[in-house]
Amino acid sequence: MLALRGIEKSYPLAGGTLPVLKGIDLNIDQGEMVAIMGSSGSGKSTLLNVLGLLDGFDVGSYTLGDVDMSGLSEKQGARYRSRFLGFVFQSFNLIAFKTALENVALPLFYQKVARRERQQRAMEMLGKMGMDDRADHLPSELSGGQKQRVAIARALITSPRVILADEPTGALDSTTSHEVMQVLREVNASGITVIIVTHEADIAAQCDRTIRLHDGVIIEDGRSGEVVEPTARGANTPD
Amino acid sequence: MFNRETWIEIAHTVTANPLRTALTGLSVGLGIFILVVMQGLGFGLQNGVQQDFGDEARNTVWVRTGTTTLPFRGRQPNRRVQMRNEDEQRITEQVIDAPAWSGRRMMWGSTVGYQSEQGNYPIVGVEPDFDDLELLPLMGGRWLHADDLAKESKVCVVGENLLDELFKQDEAIGAFVTLNGITFRVVGHFSKNGRWGNSMVYIPLTTMQRVFTGSDEVDQMVLSTGDLDLEGSTAMVEAVDGDLRLRHSVHPDDQRAVRVRDNQEEYAMFERIFTGIRLFIWIIGGFTLLAGAIGVANIMAIVVKERTVEIGVRKALGATSGSILSLIVIEAISLTLISGALGLIAGVATLNVVAPYAQHDYFANPEVNLRVTLTALVVLVVAGAISGLVPALRAVRIRPIEALRYE
């Protein structure tokens, strides 16, 4: 489903470059639920951004489905993001002046879906998230957990093959985090690949697989129960 | 690009911060409003002066004499210089080659009577060319003929006001009126704009001199400069001025004893003034519009900066740079267009309200040049589009991840 080969990524700095990803090789299959962990500066968010076509890479190849994602134009990148990928952010990133329904329907607008169909599908998706009674509410009128449910509904509205979640529970209390993870597990159970960047071990433990990065390199990759807790390694400090 | 969703988004954005939007709109609207009003006032001034000039042909020279203010060749000041028929004859036959001319003698506040009606009107003695020199539009009957002057006929041509005030419903042509008690026959009537135009009663100059003044004195002399350009008319003025000063022993620097006014020169001077005024209006208007455009650029820069994260989110959700660019530019254009249109409407409305109360000798019909104003509006909209385009281009160049990280 997702295949990275020798991915390298550097950021320009005054007087040189800062290598962030140093030769990442990674395969993620359809329907997997993967946690990416690592200390601050390990490159986990950059990796997620590369996977989400939000950021480019300098060296290597990236295949999404059967399509090579190297050297995509800005417009092609937007199209693939719209068709294959869904995003969930730590700070929800709902558009403040749009209602929950309008936020969820927005990705369909960029796919040029007719307004009536957009609204119908968005309402159905909100219903699946148990948020249909909040359809007309603005983000400011929703709780953190409700905002993240709306954000997940927005990520799912285009029927993506992959959901990329950057610290999806980072701004939530433990109860709400549990609810959100339950939703993501249900999403994954429907066959959608879910990739979560997190620094919380209990979140990672709810995934099938955990990948640990350190200094731009994958240092561990295995079933979630098998990857050693960062505190036990004594090497990494959570973000 | 122009779908309902786009307009809803624009409406959301502009109403999200109503005070800021209103102030920006005000700066744009005020720019157009000031431009419209200033243009209207400029045109009003120009119309007023042109209307005033419209009383007289532009290619005329008006000669007046007065009292001397300087001693000259043994003569004391405060001496009355009086033009006479011989001056006119000499000047038109020997000094200059004028295609048309007329002496003019005026009696203010004369009593004009028709049957039981009477009133006070100025009576003016003139010569046959005068209607062309003064641009008198004849509405009925005829103008004064050379034969009327030769025979010193008691005929007159009356202004439109007399028709209303004395003749009421009666036919004026052929009717008899009394001018200071002397009976005259009305041979024509005219209609003319201006302060006194329609209250004048014109009679042959020779008749006036015979019947009323008992002398060959004339108050004024009007000379046509024909096809002469400004240089030619100036030469004519100098020749007439020089001759009168020589004949009447007037000091060359005495400005009050002999006054020769060249309409062509005065009109050219007013033209220069109006060119200056128009330029001034454009400069002020241009800077006002620039201020409005800067206001829009400022708000768009702030809006785009505030929405950087949102732009990142939209990109992550599949928005292309083009769709974001068009959204921001349409927003800038809409803001400019709506504010500008409101300013335009307010400006035109103000002029329409003010116009009836602002009629003056040198101010009339403060009209709006719609073509110029619409051009200004288009310029402003283009400026608005550019104002939105610059920050929008900067925003869409940011990669989605940079936009999402933006604080």
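Buried area is the accessible area (1.4 Å probe) that two parts lose on being put together, summed over both. This is a predicted model, in which local features need pLDDT of at least 70, side-chain atom pairs count only at pLDDT 80 or more, and totals for chains, interfaces and linings use all residues. Residues are numbered from 1 along each chain as its sequence is written, chains are lettered from A in the order in which they are written, and side-chain values use heavy atoms, without hydrogens and water.

**Exercise 1.** Describe the interface of chain A and chain B.

*Solution.* 
- Start with the area: about 2,300 Å² is buried between the two chains.
- Carbon and sulfur atoms give 57% of that area.
- Next, list the partners: 25 residues come from chain A and 26 residues from chain B. Contact here means heavy atoms within 4.5 Å.
- A:Leu54, A:Phe97 and A:Tyr110 supply 28% of the area that chain A buries against chain B, more than any other three residues.

**Exercise 2.** Describe how H1(B) passes H11(B).

*Solution.* 
- Locate the helices (DSSP runs of H or I, at least four residues). H1 spans residues 4-16 of chain B, and H11 spans residues 321-354 of chain B.
- Their axes (lines fitted to C-alpha atoms over the stretch in contact) come within 10 Å and cross at roughly 65°.
- The contact residues of H1(B) include B:Trp7 and B:Ile10; those of H11(B) include B:Leu327 and B:Ile330.

**Exercise 3.** State what share of chain B is buried.

*Solution.* 
- Apply the cut-off: buried means under 20% relative accessible area (1.4 Å probe, protein chains only).
- Buried residues make up 51% of the 407 residues in chain B.

How values were computed. Axes fitted to C-alpha atoms, helices over the stretch in contact; angles between N-to-C directions. Helix = DSSP H or I, 4+ residues; strand = E, 2+ residues; numbered from the N terminus. Left-handed = near helix turned anticlockwise from the far one by under 90°. Buried < 20%, exposed > 50% of the residue type's maximum accessible area, 1.4 Å probe, protein only.
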